[in-house]
Amino acid sequence: MVKFELPPPPEDIREFNVWDALEEFLLSLEAAGASPKTIKAYRAGISDFLKFAGKERVSELSYRDFTRWRLDRLRNGFPRGSKDRRKAQATLHYYSLYVRAFLQWLGVVGKVPAVARPKGRRRIQTLTDKEILKLLEASRDILDLLIVALLFETGLRAQELLSITVDDVDPVNKEIVVRNAKYGEERVVFYGPLTDAVLSKYLPMVKEGKLIPLSYSGLYKRLKSLAKRAGVDPAKVRPHILRHTFATEALRRGMNLPALQMILGHKDIKTTQIYLHLLKEDIRKQYMKAFASTVT
């Protein structure tokens, strides 16, 4: 989790209404460089805590409120949340980090324990070659083709994809500058022959501005609609699953982990290593092939 250097709270913060204090905290997060998506996540987690605590002023909040909220959510999960215990604990893990940061910023608590991340390897979904082909064949226009091609060949996050402008694309070197990357760090991604073929027809049509002229929700709706036409489970057709598919395919084709880490924009190579276990079946096949003949 990225740590933000937050400006100090107002001197009289303990006299604030808790909801006004939340808005001050979120403004501080924004000033420290947090993305809209990060701020939205903090708002959701802290709001859940404040509703549970039921206090009006910051001065009324205590460590006991945090403990009671944490225990209740561990036992009972979240209202209208997932019934999957592992998913609920994963949500609480992140929410507890957000609430802890908020309470520490307020000066209400010092060091407090967050909820542990669920043990065990989380299951990562990917699309098969056949499913990717179905999506391409079901594309109703060149924009559908470009979205699938770019996500599959670059591993871009949804917000990164939507932030790219025509000027960020270098068709000569087949690369794209990602300026609105996570953590605010600019990076370069490369694209392959599929994207190149689509861009050669698409770029003369758009000339300038955003490469993908869609909102975040518009992108999701377009992908879900495409999945239904292609006969692919819509739950599997999301930008992040296409990102997982790219990463797995890159390793399968021989890309090393440090190179993949840079392309994906991961801060820690351990995050990139999660894709290695997806190759177990490939390794099994290679092993069986190598040791197919019995030694006599």
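Which side chain does the side chain of R157 make a polar contact with? It is that of E160, at 2.6 Å. A polar contact here is a pair of N or O atoms within 3.5 Å; within protein, one must be able to donate a hydrogen and the other to accept it, and residues adjacent in sequence count only if both atoms are side-chain atoms.

Ground rules. This is a predicted model, where local features need pLDDT of at least 70, side-chain atom pairs count only at pLDDT 80 or more, and totals for chains, interfaces and linings use all residues. Numbering runs from 1 along each chain as its sequence is written, and side-chain values use heavy atoms, without hydrogens and water.

Back to R157. It sits in the loop between α6 and α7; helices are DSSP runs of H or I, at least four residues, and strands are runs of E, at least two, numbered from the N terminus. Its relative accessibility is 12%, so R157 counts as buried. Buried means under 20% relative accessible area (1.4 Å probe, protein chains only). Beyond four places in sequence, R157 contacts K182, R187, R243, L264, G265 and H266. Contact means heavy atoms within 4.5 Å.

Next, L203, in helix α8, residues 193-206. L203 is buried because its relative accessibility is 17%. Outside its four-place neighbourhood, L203 contacts V166, V169, P171 and L211. V166 is 37 residues away in sequence, yet 7.4 Å away C-alpha to C-alpha.

Last, the largest nonpolar core: 50 residues. Such a core is a set of buried Ala, Val, Leu, Ile, Met, Phe, Trp, Tyr and Cys residues joined through side-chain atoms within 4.5 Å. Among the members touching the most others are V169 and L211. Helix α6 gives the largest share, seven residues.
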